[in-house]
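I opened this model to look up how its parts touch one another. My notes follow in the order I took them.

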Amino acid sequence: MEIIDHGSFGNDKTGPESLIDIRNLTFKYFGSKDPVLENVNLQIAQNEIVLIVGHSGSGKSTLLRAINGLIPHQHNGDYSGDVMVDGLSIPRTKMSQIALRVGYVFQNPENQIFMFSVERDIGFGLENLGLPREIIRQRVDWVMDILNIRDLALKAPHELSDGQKQKVAIAGVLVMRPKILILDEPTSLLDPFTASELVQLVLKVREELGMTILIVEHRLDLVAKICDRMIVIDNGHLILDGTPREVLSRADVQSFGVTVPAVVKLAKGLGLSGNDLPLDPEELKARLSFKAVQ
Amino acid sequence: MQWIASGFLFVRGNTPYHRLDPRVRLAVSLCIFTVSLLSQSILFLSALIVLTISIVAVAKIIKRFARSMIFTAAISLIAFVLNFYYSPGSPHQAVVFGVRLFAVISSTSLFFLTTTPDELEQVMKWFRLPPDFIMIFVVAVRFVPVLMLDALQIMDAQRARGLEFDKGSFVKRLRNTIPVLVPLIAVALNRSLDLAEAMDSRAYGAVRNPTSLYKLSFQKRDYVVSLILGVGFAIGIYVTFFVPLI
Amino acid sequence: MISKDMFTVNPEGFSNPVVEFERVDFSHSNGTIALRDINFQIYPSELVAILGTNGAGKSTLVRHINGLLKPTHGKVRVFGEDTSSTTAATLSKRVGIVFQNPNNQLFAQTVSKEIEFALKNFGFGDDLVRERVRWALDSFSLSQYSERSPMELSGGEKKRLCIALVLAWNPDILILDEPTVGQDSEQKENLSLIIRQFLDQKKNVILVTHDVEFIWPLQPRTMLMSGGSIIVDGSSQEVLGNPRVSQSARITVPQLVDFSIRSGWQMPFPVSTEEANARIHGT
């Protein structure tokens with residue numbers, strides 16, 4: 001595991017082109033006193049599922065926006081460093097081009113559904129790209145099948161539950177067939193059951209479409225197990241980068257605003273750590289039984 | 001208040017009139033509208049109103065139509081009274097004025113009550129209105145009910161801080177709107193910022209003329225109705241200009 | 001089968017309930033039924049958690065406690081008074097709700113004025129207002145912002161401000177609507193502390209939430225709602241400790257409970273990791 005203090009080291013996974021390559025990214029919002037991101041170096045390979053955590057206001061969402069281009073294209077400020085996604089330099093590429101590669105699902109689904117019917121809204125991005133009707137129809141149907149929301153096709157947004165709205169928001173992004181899917185606190189408005197259904201859905205999508213997924217999420221009990229990698233941002237700096245088990249094993253992880261799941265806390269208290277660290281009750285029980293047998 | 005919000009939340013009708021192409025429905029209303037503007041005959045204008053109401057009946061929206069017409073009837077009455085007051089020598093003109101207003105507004109209502117925002121947007125697109133303008137319309141219709149519900153939430157939150165909306169002098173009640181308006185504006189702004197981000201992230205503006213999943217196309221019934229409408233409109237114009245009626 | 005009352009009501013023997021729901025039904029103006037036959041009493045110093053999916057009726061129910069909503073049938077009594085005979089603004093003096101979204105209420109020019117707003121509405125005298133504002137600012141580390149606009153605060157600070165301004169008027173019942181959504185670990189710790197401090201004063205706290213991990217260590221009286229009814233009302237151990245019960249209301253099982261069941265432990269299950277640790281070591 002790399003421990004990056006103040007971004008002085010790079011996590012050099014740049015083998016054959018990383019899908020996302022961020023070097024020395026520093027950004028300060030226009031009118032702000034301090035930079036919200038400082039010297040961030042990060043490389044993400046294809047097909048990784050990366051969990052991004054940290055205090056509220058630590059810069060997580062800013063980092064995500066730097067990847068999909070909203071920074072710098074929509075938000076003004078002082079921008080230095082390089083962000084390359086799929087070979088394209090983000091500051092030098094138009095949002096519409098980036099949208100083909102990076103899909104961003106925001107926190108509040110209500111503010112992402114514009115049109116009056118679900119299927120129309122899902123096709124919104126493709127309409128914007130000027131694709132012919134037949135292709136739009138095909139893709140929209142395909143996405144609705146994958147997410148199992150065909151029955152919602154003609155419903156109006158106000159007729160949907162929160163969980164359904166979130167699925168529609170994801171559909172509207174997936175329909176563009178991006179290589180990277182960004183989920184910014186996708187479950188914060190959902191109850192735990194619906195939230196875990198959503199997480200399973202995301203996993204399924206990843207399996208079937210081979211996407212890279214970046215997810216900001218506080219509820220580690222839902223996502224820690226499915227993520228390949230966990231990144232902690234603190235005060236604009238990339239502080240920790242490793243597998244979820246490695247990062248959660250650290251004694252100081254809670255000080256960075258990470259809510260350590262109860263069972264993980266328990267496991268640490270029992271001296272388990274590293275690759276050995278159980279992430280849910282099932283794993284802990286199995287681990288302890290194994291220990292007992294020894 | 002829920003009722004008002006649901007007024008914007010259209011119900012898709014399923015009558016033969018609803019199944020017509022929205023452009024045809026627009027043409028129907030426009031024709032009645034135009035002839036009403038030109039006619040000087042109380043009799044003819046009343047006939048047009050009866051025509052409109054019969055279409056309303058076919059479309060099974062009498063109740064909703066009646067609700068909006070109460071307001072219109074009041075306005076027409078006021079128009080008649082004012083007109084008569086300022087030119088007492090021509091009662092005929094005054095009546096024509098009032099009835100005309102009613103006819104014009106009801107024909108417009110007929111269109112808007114039978115057309116979903118979806119269809120309106122399609123029609124606007126077909127007329128090649130600028131995409132930004134259409135988007136403004138779409139977002140407005142989509143989010144006005146949302147903002148109304150936000151306003152209700154805000155009122156509840158301020159009630160829970162001791163704010164009484166139904167008490168006090170007129171001035172006090174006016175001041176009491178500030179704790180509702182300020183958060184409402186903040187919420188609206190936040191929503192629009194979120195929207196802007198989502199729109200950009202989904203390639204809005206990539207292409208000058210976005211395509212559409214849906215397409216308006218004429219069916220047989222649309223051609224038939226258009227033909228009837230064409231003939232009717234011609235007759236209407238003829239009657240208006242060449243047939244003297246009271 | 002699921003039994004509705006699974007614990008001893010009013011163990012400390014208080015004579016009068018603080019909140020009483022008697023055969024309460026509630027329907028929205030468009031006809032949808034949001035609450036069905038709600039019956040329960042809450043006694044002083046109870047911590048109550050109301051759990052359930054979105055749409056189960058939790059928020060609708062608590063809005064009856066401060067009079068924002070009035071029942072369609074049945075009676076709601078708060079401190080003995082029928083809520084139908086008074087206004088929300090009056091009831092709110094004793095029943096404070098902290099809503100989920102701070103942006104729905106912040107409007108004043110300064111943080112101080114924001115806190116003053118409710119105090120003035122409730123008729124506090126000028127000296128008392130000053131004192132309470134100062135108390136709120138200090139207790140919630142907001143003094144540095146007293147003359148700044150509330151809009152300048154970060155999300156977490158706004159949430160803190162919303163709690164501060166409610167506690168400023170010192171209600172007898174504190175209701176928190178989804179207080180842990182989007183909060184990081186530090187903010188949640190502070191919240192637990194605030195709740196415990198409030199309970200120490202023999203007052204009531206009612207939590208509307210679906211964050212079972214947050215409430216498990218607090219061991220509140222737990223009501224599960226589903227489809228507008230209360231399907232279970234009992235101690236945390238009995239309600240959350242019983243997966244069949246909680247899953248019927250689509251509530252996840254707390255991790256410590258899950259682990260305890262897998263380990264074959266008997267109730268009461270450990271409420272903290274320290275307790276669980278001790279139990280594993282057989283102490």
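**Chain B against chain C**

I started with the contact between chains B and C: 21 residues of chain B touch 22 residues of chain C. I keep in mind that the model is predicted.

I then asked which helices of chain B supply at least two residues each to this side. They are H1 (2–8), H7 (131–159) and H9 (178–201). H9(B) gives the most, with seven residues. I sorted the chain B side by class and got 11 nonpolar, six polar and four charged residues.

**Chain B against chain A**

Next I turned to chain A. Here the contact takes 29 residues from chain B and 33 residues from chain A. On the chain B side, the elements giving two or more residues are helix H6 (117–126), H7 and H9. Which of them gives the most to the side that touches chain A? I found H9(B), with eight residues. The class count for this side of chain B reads 16 nonpolar, five polar and eight charged.

I note that H9(B) is the top contributor to the side of chain B that touches chain C, and also to the side that touches chain A.

**Domains of chain A**

I looked up the division of chain A. Domain 1 covers 2–251 and domain 2 covers 261–294. Their centres, taken over C-alpha atoms, are 31 Å apart. Nine residues of domain 1 and nine residues of domain 2 make the contact.

On the domain 1 side, I list helix H9 (220–223) and helix H10 (244–249) of chain A as the elements that give two or more residues. H10(A) gives the most, with five residues. By class, this side of domain 1 has four nonpolar, one polar and four charged residues.

**A helix pair in chain B**

Last, I checked two helices within chain B. H2 (residues 22–38) and H3 (residues 42–58) pack at an angle of about 165 degrees, and their axes are 10 Å apart. Angles over 145 degrees count as roughly antiparallel, so H2(B) is roughly antiparallel to H3(B). The crossing of H2(B) and H3(B) is left-handed.

Which residues make the contact? From H2(B) I noted B:Ile32, B:Val35 and B:Ser36. From H3(B) I noted B:Leu45, B:Leu48, B:Leu51 and B:Thr52. The contact of H2(B) with H3(B) has five nonpolar and two polar residues, and no charged ones.

Terms used
Residues numbered from 1 in each chain as written. Chains lettered and ligands numbered in written order. Predicted model: local features only at pLDDT ≥ 70, side-chain atom pairs only at ≥ 80, totals over all residues. Axes fitted to C-alpha atoms, helices over the stretch in contact; angles between N-to-C directions. Helix = DSSP H or I, 4+ residues; strand = E, 2+ residues; numbered from the N terminus. Parallel < 35°, antiparallel > 145°, perpendicular 65-115°, else oblique. Left-handed = near helix turned anticlockwise from the far one by under 90°. Contact = placed C-beta atoms within 7 Å. Nonpolar A, V, L, I, M, F, W, Y, C, P; charged D, E, K, R; others polar. Domains from an automatic or database assignment.
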